[in-house]
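Here is a short briefing on one protein chain. Have the sequence and the 3D view ready as you read.

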Amino acid sequence: MAIVIPFSASLRAPLASSPPLLRIANLAAATCARRLRCYGGGTAVQLEQQQEGKNRLGSPELIALEYAGLNLPHKLSEELGHVRTRQHVNPLSSSFSMPAQAPNWDEVLEDPTLPLMVDIGCGSGRFLMWLAKANPTGNYLGLEIRQKLAKRAECWAKELALKNIHFLFANATVSFKNIISTYPGPFVLVSILCPDPHFKKKHQKRRVVQKPLVDSILDSLVPGGKVFIQSDVLDVAVDMRNLFDERCDLLQHVDSIDPTISCDVDGWLLKNPMGIRTEREIHAEFEGANIYRRLYQKKLA
């Protein structure tokens with residue numbers, strides 16, 4: 001059977017032993033329809049007025065609108081309390097040097113044999129929860145180095161009764177292979193979306209996408225599996241692109257698979273292929289920034 005990834009029908013690659021993963025090729029349209037329902041219909045003048053009202057919203061309101069369908073609880077358990085966390089952490093700190101233990105997959109997922117998507121640096125987790133809710137035929141794992149965010153995301157997932165998603169506090173740089181190697185099903189998709197840029201040159205060694213992580217991803221990814229990266233910082237996007245482009249022995253970019261895929265002259269995807277934007281992506285676009293995206297597929301042979 002074919003794995004259906006939420007990009008384009010033309011990107012569907014055969015994977016003989018795996019059921020479909022993400023049956024959400026039409027979710028981008030559904031998301032747009034949901035947004036239109038929020039603002040209602042009307043005449044051209046009314047629609048223009050509604051759009052003007054939307055344009056006056058700040059990025060927090062736009063994020064809330066984007067994820068309104070999740071109906072996340074406003075209050076958390078007393079045990080977790082209010083979540084306030086640092087925006088930046090040093091992954092090279094000794095406190096993050098110990099590899100995280102893999103979970104008991106039978107305990108955290110209803111069916112651990114389903115195809116798995118991993119989001120590295122999942123932040124609040126809402127992006128991944130939206131995908132998991134939209135597609136119950138795949139499993140989702142969010143890795144987050146900020147422990148409070150991972151705990152809150154797991155709390156939210158339980159509140160939503162999602163049985164195909166799990167969030168884990170982990171430094172992906174040192175823990176990825178240890179975690180994914182124990183997963184009993186196929187690992188078919190990884191996303192790294194707007195990672196911490198660590199602008200200073202002396203701090204760029206802290207960036208999450210380094211050669212060891214790239215190698216671990218490609219060692220674990222099944223043939224035909226996908227790698228999706230994006231950033232609103234061009235330097236970071238280029239850095240990630242160069243590291244994955246170096247593995248042309250195993251990877252090919254989507255525009256070499258299907259020339260109809262819309263890319264600019266530098267090979268960046270012109271559209272978000274996931275059906276929903278991340279919180280950082282919404283904020284960056286609100287600020288007028290460009291989003292630089294690349295999508296790869298692991299070669300079948």
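Glu 279 is partly exposed, with a relative accessible area of 21%. Its side chain forms a salt bridge with Arg 126, and the closest N and O atoms are 3.0 Å apart. Glu 279 sits in helix α11 and Arg 126 in helix α5 (residues 126–134), so the bridge ties together parts that are 153 residues apart in sequence. Keep in mind that this is a predicted model.

**Salt bridges**

- The whole structure holds 12 salt bridges.
- Arg 277 pairs with Glu 66, with the closest N and O atoms 2.9 Å apart.
- That pair links distant parts of the chain, 211 residues apart. Arg 277 is in the loop between α10 (254–257) and α11 (279–286), while Glu 66 is in helix α3.
- Is Glu 66 buried or exposed? Glu 66 counts as buried, because its relative accessibility is 1% and buried means under 20%.
- Arg 277 is partly exposed, at 22% relative accessible area.
- Arg 277 also meets Glu 285 in a salt bridge, at 2.8 Å from N to O.
- Glu 285 is partly exposed, with a relative accessible area of 32%.
- Through shared partners, salt bridges join Glu 66, Arg 277, Glu 281, Glu 285 and Arg 293 into one network.

**Nonpolar cores**

- In soluble globular proteins, nonpolar side chains tend to be buried together.
- The largest nonpolar core has 34 residues. Val 118, Ile 120, Leu 143, Ile 217 and Phe 244 touch the most other members.
- Several elements give two or more residues to this core, including β1 (116–120), β2 (139–144), α8 (211–220) and α9 (234–245).
- A second, separate core has 33 residues, among them Ile 63, Met 117, Tyr 140 and Ile 261.
- Leu 143 touches residues that include Val 118, Ile 120, Leu 168, Phe 176 and Ile 179.

**Cavity**

- The count comes to one cavity of 30 Å³ or more. The largest cavity holds about 40 Å³ of space.
- Which residues line the largest cavity? They are Pro 195, Asp 196, Arg 207, Val 208, Val 209, Val 236, Asp 239 and Met 240.
- By class, this lining has five nonpolar, no polar and three charged residues.

**Positive phi angles**

- Most residues other than glycine have a negative phi.
- Asn 71 has a positive phi, near 55°. Asn 71 lies in the loop between α3 (59–66) and α4 (105–108), and counts as exposed at 62% relative accessibility.
- Ala 161 has a positive phi too, near 60°. Ala 161 lies in the loop between α6 (147–159) and β3 (165–169), and counts as exposed at 54% relative accessibility.

Notes
Residues numbered from 1 in each chain as written. Predicted model: local features only at pLDDT ≥ 70, side-chain atom pairs only at ≥ 80, totals over all residues. Heavy atoms only, no water. 1 Å grid on protein atoms, 1.4 Å probe; cavity = no way out; pocket = protein on both sides within 12 Å on 5 of 7 lines; lining within 4 Å. Points joined across faces, edges and corners; volume = space filled by probe spheres on them. Nonpolar A, V, L, I, M, F, W, Y, C, P; charged D, E, K, R; others polar. Helix = DSSP H or I, 4+ residues; strand = E, 2+ residues; numbered from the N terminus. Buried < 20%, exposed > 50% of the residue type's maximum accessible area, 1.4 Å probe, protein only. Core = buried A, V, L, I, M, F, W, Y, C linked by side-chain atoms within 4.5 Å. Contact = heavy atoms within 4.5 Å. Salt bridge = Lys/Arg side-chain N within 4 Å of Asp/Glu carboxyl O. Lists of a residue's contacts leave out its neighbours within four places in sequence.
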